[in-house]
Amino acid sequence: MRDESSASEKNPDKNPERPPDPTPIDPVQHHREPKPGRAYKNHAAGGKQPDAAASKDISHALKGWDYESGTINVRKVAGADGRPKLQMRLDLGLLQMELIGRPDGLRPHDCESLLDYFEDGLKDHDRRNGTKLGFHLTGEQCQALRDEAVMYYHRYLSLFVLGEFEGVVRDTARNLRLLDFCGTYAVDEQDRLILEQYRPYIIMMNVRAAAMILFKAKQYPNALATIDTGLKSIRRFFARFEQEEAYSECNEVKILRKFAKDIRRKLPVDPVRKLQGKLDRAIRDERYEDAATLRDQITELTFRKSVGP
């Protein structure tokens, strides 16, 4: 395979920040404990080793792409089916993902994902009963949905590193939808709440990607408005759990505020605001003659803005 594009994030300040705890949704947890199963061997006539074409060894795919601890190392490659694939380098190999649909390429119950399947089930329940009451998710179903969400996490993290922000917005919005769905319909309280600790992180990644799209289009006010909406969502999250004091110390909030600060540097400076800063410094330094001149300039500019061109 020929690499189409690749990227590796090594600077912690540029990395999509990781959730605080490696539990089964949106952790940087690349593989889980394997379940018991069968071991298969390659068999060749006469006990000979299989040739390179028949080998299942993936060493050739990893050659020249060493694993680096502490980095998020991903690339996009051309798939044998003609469709591009995403690959994430892990310590023991790699993950390969589809760019659209479910990351593993499967269609459970002929739906794009398990979440879509259960959402369709809710609509069918509502049609038949005239109410959503009575629809619920079992613990096993919630676990399956959490396992599926990890796949989407790996994909949106990979897409973020590659700068494909539309896909990040899509997949993070999808995982937020899953949080809402389980939070509403899970039978067990633990299944309703276990995912909530990751809501600020997923909101941050969603908002960061959406704002980056606007930033690249030089739509700076819209990018700032998007970040402001995201910060309000995170604030509501902490208020919901009566932890308002944690908002200012939240790492996701700090990331979004820093991004907003960077965006503001791109905005044209308001001349009145600039003069006001000079006026404040003149008063502080007791340069009252300069202060009077600056005050007159501010008054004149303000008047011009009020009457228009």
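Modeller: A helix axis here is a line fitted to the C-alpha atoms over the stretch in contact, and angles are taken between N-to-C directions, from 0 to 180 degrees. The model is predicted.

Biologist: Is the crossing of α2 and α4 left-handed or right-handed?
Modeller: The axes cross at roughly 45°. With the near helix turned anticlockwise from the far one by less than a right angle, a crossing counts as left-handed. The crossing of α2 and α4 is left-handed.

Biologist: How many residues of the contact of α2 with α4 are charged?
Modeller: From α2, Leu-115, Asp-116, Phe-118, Glu-119 and Leu-122 take part, and they meet Arg-174, Arg-177, Leu-178, Phe-181 and Tyr-185 of α4. Of these residues, 6 are nonpolar and none is polar. The number of charged residues is 4.

Biologist: Which residue in β4 is the bridge partner of Leu-86?
Modeller: Strands β3 (residues 84–90) and β4 (residues 93–98) run antiparallel and are joined by 6 bridges. They form a hairpin with 2 residues between them. Within this pairing, the partner of Leu-86 is Met-97.

Biologist: How many strands does the protein have?
Modeller: Along the sequence the pattern is β-α-β-β-β-α-α-α-α-α-α-α-α-α. Helices number 10, and the count of strands is 4.

Conventions
Residues numbered from 1 in each chain as written. Predicted model: local features only at pLDDT ≥ 70, side-chain atom pairs only at ≥ 80, totals over all residues. Heavy atoms only, no water. Contact = heavy atoms within 4.5 Å. Nonpolar A, V, L, I, M, F, W, Y, C, P; charged D, E, K, R; others polar. Pairing = 2+ DSSP bridges.
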